[in-house]
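Subject: Structure handover

Hi,

Here is the structure for you to look through. My notes on it follow below.

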Amino acid sequence: MLYTKIKKKFFLLVIFFLFLPSVACAEKSFRKHIGDAKLVPSEVEFYSAVLPGLSGKNVILITNPSGIGRSPEKILKEFKKNDVKIKHLIGLEHGFLGLEEDFSKSPVTVDEFFNLPIYHIYRVKNSELPAILKGVDAIVFDVQDMGMRCYTYLTVLKRIMDGIPEPTQTKLIVLDHVNPALYLKGRGEMIDKKYLNFAGEFPSLFFSGLTLGESAAYYNSEFLNQKIKLEVIAPKNAKRSFDWDKEGIPWTTPSPNLPMVDSAINYLGLVLLEGVNVSVGRGTTAPFVYFGAPWMTEPESLVEELNRRSNGDYYYQTVFFKPVFGPYKNEICRGLRLTVVNRKYDPLKMAYQLIASMKASYKEFKWRSYPDGTYNIDFLWGTTSFRNAIDSGKTYEQYSEILNSVEKEYNDTIKKYYLY
């Protein structure tokens, strides 16, 4: 009897220790370590194979910490080693270090690290760009994009391609990255010319369905008759439907308000709240996670309604926050916190239903407008249809049906430019 009990306990201990590693592995599988990732970033090939080919050449550099700009020391070392001279820098919306919340007030400043002029493209007239881009052998473009027309790096890419004065002499080298929106394909509408702006200029749908490298190839072929000497350096082992956590892809912050991949995933839908009189969490520790306003009182019923309609893809919780800058600066806001569960969720559906429910729930709800009576959301979306559909009471399914034909035509066009 005693022997049987000992044997039984021994057997249970063996089972426990055999099962323990599998539990640990299951917990670890939530997020893959960067050392186990199969993706090889485009900068590896750039430094090892492309940069040496630029020896003796003059280049312009466009990057920030989401690209090779996260290591200025390495740029200086490798460019010097390969005898590649940087003529000057082109500044993106958030500056070379990706830290600036506001646009630079001057079109050109001197970068302290490189001691070189940095031209802030959003302060430079299109007519002035050819002179800035003249006299170089290559333009190196390396930033993490969001795959959305409203994310201004796509506008920068277009303006650079439009502005190259000597396209037969100057090569555009794009270090490509996958982006969080690729799984969506092209979604939305083409922009109406009257709504062209710095956050909406590239000729794509709201979700481009492309990487920056693919966008460059698409624009070069469809709009510029292949006049640009384009070289796209693709990351190795990339796929269109990466799960960032499970694949071990490190998130390299492209702008101050997208510090984590969670913020970036939420941004796909919550960016449309920029067209509404709420804070999207800018000036808090959780931008594009928190959103709300002082007037969003008793949001519990809104949470219940939205969670019921989320199909388990995401959920909301009530929250208090106080922004230190941006809308409602230093005011206590009530609102919601978004957590995305399914990384392949439909951000357009989420945004449409969220805004429609907020409009129905609060008399204080307003579309942000400009002094001339135009609406921020129309410039963001590219047409009046998103706002008009919500105002007229259309369901998301009804509105989505309106978009189907333009989305199909666009997606049929861009397929030939896929690299992954």
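The cover over the buried residues of helix α5 includes β1 (58-63), α4 (129-133), β5 (138-142), β6 (171-175) and α6 (212-222). The buried ones are Y153, L154, T155, V156, L157, K158, R159, I160, M161 and G163. Buried means under 20% relative accessible area, exposed means over 50%, and partly exposed is in between (1.4 Å probe, protein chains only). Helices (H or I, at least four residues) and strands (E, at least two) are DSSP runs, numbered from the N terminus. Contact means heavy atoms within 4.5 Å.

Before you go on, note that this is a predicted model: local features need pLDDT of at least 70, side-chain atom pairs count only at pLDDT 80 or more, and totals for chains, interfaces and linings use all residues. Residues are numbered from 1 along each chain as its sequence is written, and side-chain values use heavy atoms, with hydrogens and water left out.

Helix α6 is also largely enclosed by the rest of the structure, because eight of its 11 residues are buried. Those are L212, G213, E214, S215, A216, Y218, Y219 and N220. Their cover includes β5, α5, β6, β7 (229-233) and α13 (396-414).

Next, the domains. The assignment for the chain gives domain 1 (36-244) and domain 2 (261-382). Such bounds come from an automatic or database domain assignment. The C-alpha centres of the two domains lie 30 Å apart. Across the boundary, 25 residues of domain 1 are in contact with 20 residues of domain 2.

Now the cores. A nonpolar core is a set of buried Ala, Val, Leu, Ile, Met, Phe, Trp, Tyr and Cys residues joined through side-chain atoms within 4.5 Å. The largest has 107 residues, and M148, L172, L272, Y316 and F386 touch the most other members. Helix α10 gives this core its largest share, seven residues. Domain 1 and domain 2 each supply at least three residues to this core. Another core, of 22 residues, lies apart from it and has L51, I68, V140 and I233 among its members.

What does L172 touch, not counting residues up to four places away in sequence? Its partners are I139, F141, L157, I160, M161, I164, I228, K229, L230 and E231.

Helix α8 (residues 261-270) packs against helix α10 (residues 347-361) at an angle of about 60 degrees, with the axes 7 Å apart. The residues in contact are N266, L268, G269 and L270 of α8 and P347, M350, A351 and L354 of α10.

L89 sits in strand β2 (residues 85-91). Is L89 buried or exposed? L89 is buried, with a relative accessible area of 0%. Leaving aside neighbours within four places in sequence, L89 contacts L61, F96, D111, F114, P117, I118 and Y119.

G35 lies in the loop between α1 (2-28) and α2 (42-50). G35 is exposed, with a relative accessible area of 60%. G35 and I249 are 214 residues apart in sequence, yet 9.6 Å apart in space, C-alpha to C-alpha.

Best wishes

How values were computed
Axes fitted to C-alpha atoms, helices over the stretch in contact; angles between N-to-C directions.
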